[in-house]
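Here is a short note for a colleague who has not seen this structure before. Please read it with the model open.

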Amino acid sequence: MEATKKHFFSDMSVMLGRSMRHIFRSMDTIITVTIMPIGFMLLFVYVFGGAIQTGTDNYVNYLLPGILLIAIASGISYTSYRLFIDVQGGIFERFHSMPIARSTVLWGHVLSSLVSNAISVVVIIVVALMMGFRSSAGVLPWLAVASILMLFTLALSWVAVIAGLSAKSVDGAGAFAYPIVFLPFISSAFVPTESMPPIVRAFAENQPVTSIVEAIRALLSGQPVGNDIWIALAWCIGITIVAYIFAMRAYKKRV
Amino acid sequence: MQNNSIQVKGLQKSYNQLHVLNGVDFEVEQGSIFALLGSNGAGKTTIVKILTTLLKQDGGTTTVNGFDITSKPDNVRQSISLTGQFAAVDEILTGEENLIMIAKLRHLENPHQVTDNLIKRFGLTDAANRRVATYSGGMHRKLDLAMSLVGKPQLIFLDEPTTGLDPEARLEVWKIVKELADSGTTVFLTTQYLDEAEQLADQIAILHEGRIIASGTLAELKRLLPPTKVEYVEKQPTLEEIFLAIIGKKEAK
């Protein structure tokens, strides 16, 4: 055990380097991940936007946080896809028969998921700027937004690890992301929750996406964030811990 | 004891109710080529997975290179290498990147030097900078073998190394395996091709219904059969011989 722990960071950097090469050699995956949310953004701003009353004069500003969450939710399906391919292809077994820190096999995927999702988030923000998104937020609020998005990605990446390890087919490995992509639609991401029927509204107001969206929106528009940011952080950290435990369980089943 | 790379006594493994291994015993001498024969589903891969620490045994005592696989898995991993049934290479990386990655994970001092040597030795120079996804089946397997040799492990596991290869690539793999054994590496081989075991192995064990039902050298195994009869049979060239002869002629031109 001692010998392998000593190499944790060097093994980790090899694994991360490998995953990053995978991502940069399949830029099409980043493009796919950004196109759908950008499409939603165009659709909601230029088609539905005129009819949606959010109480703000700039609908792009209102919409952007939810769009970013959709992008991350669809981005992590590639993380589980890549992990699934590793498990199926045998390279997973090769790594495990080697004297390395075993946990780096998973952490490499999780860390590269953070990097690739950060890239797609930046791309979408650039498109939003072209569509009229403006923020008065300073450096600190932006850092807070970046941290929330990173925690959200981290949480979902561990969910993706569970799917990648336990899926029986390539389609299965990616399919778990669909309901997560759908969550922002039943939240305050696109329209205020006030207009929803009571049951839907109760769900929308108490699911993780709403608090995350509200916290990011407040940070970007320079409003007081209130409790939302703490609820958002609690959700992200809670999901990370639970997903990590189940991911480790799925992992132990595999090895 | 010291002369044995692998020592297996009373190895048990079952998946739920299914007893795959029912008290397997065998020993592999250091520096030899050991072939484990058995039909599909006999449990050959299960044995390889247990010996390479990928699976836990349910019962029995197993030592690999003198280390108990249950209590010292890290030492075992340090001294072995596995080439699985399906080529365990990274398709998206180039051949060179694959080798460097393994060299780094084995924490070698000079990963680039080691990689260059293996690329030359395996005749992969032209393909080294191409993505593995573009490699043929034979090249895949060669790279896979090269990756297993990074860091010069004392013991190499080859799980059906020639399954799915064309005859030429198969002969090349055989040549590499022989060279390995000549240089003192112990080779543990599983195969369903009897001629492969006949060609390569110093020791052969036959796995059937969860037990080793026969083991020994080829000569010893032959003695188990009824004595040789002399019969007159016209020796037709096999299709493999014809294929290789024609291919050889073409290349000579």
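This is a predicted model: local features need pLDDT of at least 70, side-chain atom pairs count only at pLDDT 80 or more; totals for chains, interfaces and linings use all residues.

The points below go through the helices of chain A and then the sheets of chain B.

1. UniProt, in an unreviewed entry, places "transmembrane region" at residues 30-50, 62-84, 105-133, 139-161, 173-191 and 229-247 of chain A. From an unreviewed entry as well comes "domain: ABC transmembrane type-2", which UniProt lists for residues 28-254 of chain A. Across residues 28-254 of chain A, the model has 77% helix and 0% strand, and the end C-alpha atoms are 30 Å apart.

2. Two of the annotated spans. Residues 229-247 of chain A are 100% helix and 0% strand, with 26 Å between the end C-alpha atoms. For residues 173-191 of chain A the figures are 47% helix and 0% strand, and the end C-alpha atoms lie 31 Å apart. A reader checking the annotation against the model may want to look at residues 173-191 of chain A, given the 47% helix there.

3. Helix 3 with helix 4, chain A. The axes of helix 3 (residues 27-48) and helix 4 (residues 59-89) of chain A come within 9 Å and cross at roughly 155°. An angle over 145 degrees counts as roughly antiparallel, so helix 3 and helix 4 of chain A are roughly antiparallel to each other. Their crossing is right-handed. Helix 3 of chain A contributes residues including A:Met36, A:Pro37, A:Phe40 and A:Phe44, and helix 4 of chain A contributes residues including A:Leu63, A:Ile67, A:Tyr78 and A:Arg82. By class, this contact of helix 3 with helix 4 of chain A holds 15 nonpolar, 4 polar and 1 charged residues.

4. Helix 4 with helix 7, chain A. Helix 4 of chain A also packs against helix 7 (residues 139-166) of chain A, at an angle of about 35° and with the axes 8 Å apart. The crossing of helix 4 and helix 7 of chain A is right-handed. Among the residues that meet here are A:Leu68, A:Ile72, A:Ile76 and A:Leu83 from helix 4 of chain A, and A:Leu149, A:Phe152, A:Leu156 and A:Ala160 from helix 7 of chain A. The contact of helix 4 with helix 7 of chain A has 15 nonpolar, 5 polar and no charged residues.

5. Helix 11 with helix 12, chain A. How do helix 11 and helix 12 of chain A pack? Helix 11 (residues 208-221) and helix 12 (residues 228-254) of chain A have axes 8 Å apart, at an angle of about 130°. That angle makes helix 11 of chain A oblique to helix 12 of chain A. The crossing of helix 11 and helix 12 of chain A is left-handed. In the contact, residues including A:Ser211, A:Glu214 and A:Leu219 of helix 11 of chain A meet residues including A:Asp228, A:Trp235 and A:Ile239 of helix 12 of chain A. The contact of helix 11 with helix 12 of chain A divides into 10 nonpolar, 1 polar and 2 charged residues.

6. The four-strand sheet of chain B. Chain B has an open sheet of 4 strands in the order 2-1-4-5, with antiparallel pairing. Strand 2 (18-29) and strand 5 (67-68) of chain B stand at the edges with a single partner strand each, so one side of each has no neighbour in the sheet. Strand 4 (residues 59-64) and strand 5 of chain B pair in the antiparallel sense over 2 bridges. B:Thr63 is opposite B:Asp68 of strand 5 of chain B.

7. The six-strand sheet of chain B. An open sheet of 6 strands in chain B has the order 6-7-8-3-9-10 and mixed pairing. Its edge strands are strand 6 (80-83) and strand 10 (211-216) of chain B, each pairing on one side only. From one strand to the next, the twist averages 15°. Strand 3 (residues 33-37) and strand 9 (residues 203-208) of chain B pair in the parallel sense over 4 bridges. B:Leu36 has B:Ala205 in strand 9 of chain B as its bridge partner.

Terms used
Residues are numbered from 1 along each chain as its sequence is written. Chains are lettered from A and ligands numbered from 1 in the order in which they are written. Side-chain values use heavy atoms; hydrogens and water are left out. UniProt positions are given in the numbering used here, feature names are shortened, and annotations may be inferred rather than shown by experiment. Axes are lines fitted to C-alpha atoms, for helices over the stretch in contact, and angles run from 0 to 180 degrees between N-to-C directions. Angles under 35 degrees count as roughly parallel, over 145 as roughly antiparallel, 65 to 115 as roughly perpendicular and the rest as oblique. A crossing is left-handed if the near helix is turned anticlockwise from the far one by less than a right angle, and right-handed if clockwise. Contact means heavy atoms within 4.5 Å. Ala, Val, Leu, Ile, Met, Phe, Trp, Tyr, Cys and Pro count as nonpolar, Asp, Glu, Lys and Arg as charged, and the others, Gly among them, as polar. Two strands pair if DSSP finds at least two bridges between them.
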